Each structure stands twice: as C-alpha cells, then as structure tokens.
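Subject: Structure for you to look at

Hello,

Here is the structure I said I would pass on. Please open it alongside this message, and then read the notes below it.

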Amino acid sequence: MAEGTTWTTYDANKMTSKEIYGKVLAELGETNDKIVGVTADLAKSTNIGNFGDKFPDRLFNVGIAEQNLFGVAAGLAKTGLIPFASTFAIFACLRGGEQVRTDIAYQNLPVKIIATHGGLSFGPAGTTHHCTEDYAIMRAIANMTVVIPADGFETAKAVRACIDVPGPFYMRVGRGFEPPLHDDENFEFVIGKAMKLHEGSDLTIITCGTPTLQALEAAKDLEAEGISVRVINMHTLKPIDRDAIMEAVVDTRRILTVEEHNIIGGLGDAVAAVIAESGKGCAFTKLGIPDEYGVIGYPEDLYARYKLDATGIQETVKELLGKEIEADEDWTDED
Amino acid sequence: MPKDISVSELKKKAKELRLNIVKTANFAGSGHLGGSLSCADVLAALYFKYLNVDPRDPDKFDRDRFILSKGHCALAYVPCLAMAGFVPMDSLEHFNHYESPYGMHPDSKKVRGCDASTGSLGHGLPMGVGMALGLRYQGNLTSKVVVLMGDGEQDEGSVWEGAMSAHHFKLKNVIAIVDRNKMMIDGRTEDVMSIEPIDKKYEAFGFEVIVCNGNDMAEVDAALAKAWANDTDKPVCIIANTEKGYGVKRFQGNVKWHYGAMNSDLFKEAVADIEAMD
C-alpha cells in the first residue's frame with residue numbers, strides 16, 4: 001500500500017473489518033489527540049494494536065480483565081478523552097457488561113466500544129466465544145448507540161462517524177474475512193439512517209451486519225425468478241430508522257428480518273415493535289439464530305445451518321410470500 | 001497542597017458531618033448509617049484539608065478526583081459536599097425523595113462536585129485508574145485520585161483487577177482507602193468472607209500501604225499526609241481501621257445498623273451522642 005493513502009484505497013477483499021478498524025483508528029489518532037485506546041490482552045486480535053503501535057502512550061492494555069477494561073475506559077472519558085475500548089463481543093456485553101452499563105452508559109460517557117468476533121464469526125471457538133446476545137443487551141442500555149456495519153467500508157465510516165456521537169457507542173464486527181458488501185467507499189453512511197440496497201415491491205428484507213451481503217445476493221437471484229425484494233441495511237440498530245421500516249411496510253406489506261443474533265431481543269424484535277406500534281399489520285418473519293447455543297463450525301457452515309446465507313434467505317422469502325395477510329389494502333383511514 | 005487546618009478543626013468538621021449524616025437519614029427516612037458514620041473522619045479530612053477541589057469551579061481540570069466507591073454511603077458524601085459548598089445545605093432535606101438529585105447512591109450527573117456515579121461495588125478503583133491514566137496522558141502529574149472503598153467491597157474481583165493495573169501503570173497519584181469497619185450486610189467480614197490480611201494483600205499487589213485508626217483524626221491526618229507526599233512510584237493504600245456506626249453508641253459495632261431507620265427517640269439519642277463527642 002502506498003504511503004499517504006487513506007482507508008478508501010484499502011483492498012477490502014484482503015482486509016477484515018477489524019483490520020480496517022485498527023487502521024482507521026490509527027489514522028484518526030493523528031488528528032485527534034483526545035482518542036485513546038484500551039484493551040484486555042486482545043490488542044492484536046481486535047486490531048486496536050495498530051493504534052498502539054503508532055501511539056504507544058495512548059493504548060492501555062489492562063490484561064485479561066474486562067471489568068477493569070470498561071471501568072478504566074470510563075475513567076479516561078471522565079478526564080475529557082475519547083476512549084476506544086476493544087475486546088471480543090461476548091466479553092464486552094457480558095463479562096464487563098455491568099461496567100458498560102453503570103460506569104459508561106449511566107454516566108453518558110463517550111466511550112466507543114468496538115466489539116470484535118461478534119455473532120458466530122469465531123465459529124470453531126465454540127459457544128464461549130460466540131456472541132448472539134449483544135444486540136439485545138446493548139439496545140436495552142439507555143444512552144447507548146448500537147451500530148453493526150456490514151463490511152469493512154462501513155466499519156471505516158462508522159469508526160469515523162462515532163467520534164461525533166456524544167455518548168456511549170457500541171459497534172459489533174466479525175472476525176473473519178467476510179466479503180465486502182460495497183464495491184468502494186462511494187456511499188453515504190449516516191448513523192441512524194438505514195440504507196436501501198435493492199428496490200423491491202413484493203417483500204422487504206431488513207438486515208444488518210454479515211448477512212446483509214447474503215440478503216442482497218438473495219434479492220438479486222429472486223429478481224431473476226420474478227420476485228421483487230427490497231433490501232434495507234439497518235446498520236444502526238439503535239436509534240432505529242422507523243421511517244425506513246414503515247415505508248417498507250406500506251410499500252411491500254411483507255417484512256423479513258435477518259440477523260446474526262439470537263432470535264430474541266435483536267433486530268427482528270426491534271423492527272416488530274415499530275410495526276406493532278404503528279397499527280399497520282403485515283406478514284412478518286424473523287430469521288436469526290434459534291434460542292439455542294451455536295454448534296462448532298466454520299462461520300460459513302454455521303450461516304448455512306441457520307439459513308443466514310443467500311440460499312436460506314431465499315427459502316425463507318418464499319415461505320413468507322406464501323403467508324396470508326389480512327386483505328385490508330386501505331390504510332388511509334388509520335392515520 | 002493540603003490546606004493549613006488543625007486536627008482539632010478537622011475533628012469539629014467530622015462531628016458536624018456526623019450530625020448532618022443522622023439529620024439527612026432522618027430526612028430520607030432511612031439510610032446506610034453504619035458505613036457512613038465509620039468513614040466520616042476520612043471524608044472530613046479529605047474535603048477540608050487534602051483534596052484540591054473548588055466548589056466555584058467543580059470541573060476544573062487540575063483538581064484532585066474523589067470516587068466514593070462504597071457508593072451506598074452517599075448519606076455521608078452528599079452532606080460532606082454540602083458542607084464543602086458544592087450543593088446547598090437545605091437541599092439535603094430532599095434526600096431519597098421523588099426526583100431528588102440525591103439517593104442512596106450518588107449520581108455524578110446530578111450531584112454537583114461528584115466525580116463518579118457509584119453504588120455497584122468494585123467499580124471505583126478501575127475508574128480511578130482510568131482517571132489517573134487520563135490525567136497523566138494529558139500532562140497532569142500532580143492531581144491525586146482518591147478512591148474510598150468499603151471492606152466488604154474487597155470481595156469484588158474487579159477491585160483486584162484495578163489494584164493490579166494501578167501498580168502496573170505506576171500510578172503513584174492513586175490513593176485507595178479501605179474503610180475497614182469490619183462489617184458488611186450479612187455480618188462480620190471475617191465471618192462472611194475473610195479479607196485479612198488486607199494490608200499484606202495490597203502490599204503484594206504493589207501498593208505502598210499505610211495503616212491507621214480511621215476514627216482518630218490525628219492518625220487519619222498523618223496517614224493522608226504521608227499518602228499525599230508519596231515519593232515512590234507505587235500507588236498508595238490506606239487501611240483505615242474504623243468502627244461501624246462510630247459516634248452513635250447504639251450503632252457502634254452493631255451489624256444491624258448497616259442500614260436502618262430511626263424513630264424520633266433514637267434520632268434524638270443519636271444527635272445527643274454525637275454532640276457529646278470530643
């Protein structure tokens with residue numbers, strides 16, 4: 001890579017989201033001396049180590065101690081700094097979860113939690129290292145913004161954008177070499193504003209994170225079969241883009257949510273709540289990981305098992321298209 | 001620099017603080033009287049002599065930081081902040097009441113002069129380590145970060161995660177204080193979960209350890225003076241041996257008064273006991 005280039009020229013096919021995170025953070029550190037890093041013996045694994053290589057006095061490694069990790073991050077933020085705290089997602093939301101909630105979120109501190117190895121991305125490591133609970137936990141924490149980028153380009157944009165989020169911020173990325181969703185950096189990424197990736201009129205898939213690319217591929221394949229599917233990338237789980245959801249409900253009357261998370265408490269439930277509160281009924285299915293612990297396997301095999309790949313998503317779309325819905329086409333009287 | 005104030009003046013402040021603790025408990029309806037009374041001398045010495053804090057500018061960057069890690073003793077902390085001029089004295093009348101800024105555990109977003117929201121035990125020392133790192137990174141090598149913990153709190157693993165890192169990062173400006181009143185909700189610390197030898201534990205974790213009688217102002221003053229003058233590269237830990245409920249005979253050394261409500265007779269008795277102190 002040539003000197004002086006930015007992340008926009010990184011070869012996203014060769015870099016993981018977390019690698020891009022590490023590089024972007026190191027770049028941001030050059031112009032913003034308020035940025036510091038904290039990790040718990042996972043500087044290398046989470047790639048926050050890139051920041052530490054460049055700014056050794058600004059990365060604090062607390063050892064294998066996640067409660068301390070988030071307590072220290074809160075203390076750093078209390079002195080006016082913007083700490084990026086990185087560990088694996090499961091440890092961020094459960095091992096250090098109370099510190100995240102009480103030390104960081106309750107005090108509304110601008111700590112940026114960049115959680116790697118989310119979902120089933122660390123498949124062979126087994127259930128101790130899977131994390132299919134973080135959306136539910138983090139979105140129930142007041143003051144928290146929750147973002148799940150779909151690829152490295154979005155990760156880079158989210159890392160830049162989160163600096164301006166005044167309070168706590170949680171971002172989940174994966175581990176592996178998930179293929180990029182975007183071809184380049186020429187797209188708008190605004191926290192809280194969903195992205196329409198594919199237009200469609202028969203059904204809408206609302207998704208985030210790794211399954212987003214799979215959903216898009218499913219929609220393209222279905223188009224060839226004459227099925228018109230809209231794909232919405234709900235990269236910001238909280239605050240959720242209610243307008244994008246309701247537009248999809250009104251336009252397509254069938255909604256499928258797809259997420260790499262336990263079927264309880266995540267994106268599907270967040271979308272369902274918006275729809276239920278609107279009073280406008282529609283056919284609806286949540287696709288995610290059943291309420292059970294994931295088996296061991298490579299991520300792609302696990303995604304196939306839980307129908308989070310393009311094939312599984314296509315099957316589920318067809319099932320949902322067959323669901324009956326109440327034939328009340330006129331919603332104008334309900335406003 | 002610590003203020004020039006005598007031990008006898010500090011004793012008067014501690015006595016006034018104890019009166020305000022029982023009065024505030026009376027306004028609140030109940031409170032953590034035992035642990036609040038045990039740490040009153042340490043709090044008085046900190047706020048009226050040692051801490052560089054300014055009620056006119058509570059957020060100034062170069063202040064000392066104080067974290068009440070034993071957050072349940074907001075009953076002592078908020079009256080102390082009132083006496084130090086951070087919050088109005090008459091606002092204590094609303095302690096624990098609906099939408100009050102003051103409850104059992106202090107909220108840094110609502111209590112003026114409060115550096116950290118606490119209440120869940122074992123959170124203070126890690127936050128203090130973060131503050132000390134943040135100050136040092138930003139060029140402040142002089143401000144102290146004082147963390148007041150309970151002795152039952154020492155059971156929490158996160159205390160030791162914080163302790164390990166305070167030593168590792170050579171945070172010589174961190175002063176951890178253990179209010180060693182020897183009791184917790186379910187009984188005596190050594191019966192529920194023994195913490196001794198607590199001084200040796202902190203020594204082994206790389207702290208400069210000072211042991212004092214935490215209810216004797218001369219000893220508290222000497223301990224804090226030594227901590228403030230720390231010229232090692234180690235963090236400091238003061239084990240303040242205290243008595244739970246100190247100052248009110250009926251509460252002293254009585255595990256039942258970890259938390260409680262006083263009727264009017266007992267309130268009068270508590271006030272009389274404190275007024276009779278030296």
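**Backbone and surroundings**

B:Glu99 is exposed, because its relative accessible area is 68% and the cut-off for exposed is over 50%. This residue is found in the loop between helix H4 (74-83) and helix H5 (124-137) of chain B.

The predictor gives the complex an ipTM of 0.96 and a pTM of 0.95. Chain B averages a pLDDT of 97, and 100% of its residues score at least 70. For chain A the mean pLDDT is 92, with 93% of the residues at 70 or more. Over residues 1-9 of chain A, pLDDT stays under 50, and the model has 13 contacts for that stretch beyond four places in sequence. Where pLDDT is low, the predicted coordinates should not be read in detail.

**Other backbone points**

Most residues other than glycine have a negative phi, and most peptide bonds are trans. The following places depart from that.

- A:Asn143 is not a glycine, yet has a positive phi of about 80 degrees. A:Asn143 lies in the loop between helix H7 (134-139) and strand E5 (145-147) of chain A. Its relative accessibility is 41%, so A:Asn143 counts as partly exposed.
- A:Lys238 and A:Pro239 are joined by a cis peptide bond, with omega about 0 degrees. The loop that holds A:Pro239 runs between strand E10 (236-238) and helix H10 (242-252) of chain A.
- In chain B, the peptide bond from B:Glu196 to B:Pro197 is cis, and its omega is near 0 degrees. B:Pro197 sits in the loop between helix H7 (189-192) and helix H8 (198-204) of chain B.

**Two positions in chain B**

Is B:Gly71 buried or exposed? B:Gly71 is buried, because its relative accessible area is 0% and buried means under 20%. You will find B:Gly71 in the loop between strand E1 (65-68) and H4 of chain B. Leaving aside neighbours within four places in sequence, B:Gly71 is in contact with B:Met104, B:His105, B:Pro106, B:Thr118, B:Gly119 and B:Leu121.

B:Ala276 is in the segment after helix H10 (264-275) of chain B. With a relative accessible area of 62%, B:Ala276 is exposed. From C-alpha to C-alpha, B:Ala276 and B:Val248 are 9.8 Å apart, and 28 residues separate them in sequence.

**Helix pairs**

Start with a pair inside chain B. Helix H3 (residues 40-50) and H4(B) have axes that come within 10 Å and cross at roughly 30 degrees. H3(B) and H4(B) are therefore roughly parallel to each other, since angles under 35 degrees count as such. The crossing of H3(B) and H4(B) is right-handed. The residues in contact are B:Leu43, B:Tyr47 and B:Phe48 of H3(B), and B:Ala76, B:Tyr77, B:Cys80, B:Leu81 and B:Met83 of H4(B). By class, this contact of H3(B) with H4(B) has 8 nonpolar residues, no polar and no charged ones.

Next, a pair inside chain A. Helix H9 (residues 211-224) and helix H13 (residues 310-321) of chain A pack with their axes 8 Å apart, at an angle of about 60 degrees. That angle makes H9(A) oblique to H13(A). Among the residues making the contact are A:Ala215, A:Ala218 and A:Leu222 of H9(A), and A:Ile313 and A:Val317 of H13(A). The contact of H9(A) with H13(A) divides into 7 nonpolar, 2 polar and 3 charged residues. The crossing of H9(A) and H13(A) is right-handed.

Last, a pair with one helix from each chain. How do the axes of helix H4 (residues 66-78) of chain A and helix H6 (residues 157-168) of chain B cross? They come within 8 Å and cross at roughly 65 degrees. H4(A) and H6(B) are therefore roughly perpendicular to each other. On the H4(A) side the contact is made by A:Glu66, A:Gln67 and A:Asn68, and on the H6(B) side by B:Ser158, B:Glu161, B:Gly162 and B:Ser165. The contact of H4(A) with H6(B) has no nonpolar, 5 polar and 2 charged residues.

Regards

Key:
Residues numbered from 1 in each chain as written. Chains lettered and ligands numbered in written order. Predicted model: local features only at pLDDT ≥ 70, side-chain atom pairs only at ≥ 80, totals over all residues. Heavy atoms only, no water. Helix = DSSP H or I, 4+ residues; strand = E, 2+ residues; numbered from the N terminus. Buried < 20%, exposed > 50% of the residue type's maximum accessible area, 1.4 Å probe, protein only. pLDDT = per-residue confidence, 0-100. Contact = heavy atoms within 4.5 Å. Axes fitted to C-alpha atoms, helices over the stretch in contact; angles between N-to-C directions. Parallel < 35°, antiparallel > 145°, perpendicular 65-115°, else oblique. Nonpolar A, V, L, I, M, F, W, Y, C, P; charged D, E, K, R; others polar. Left-handed = near helix turned anticlockwise from the far one by under 90°.
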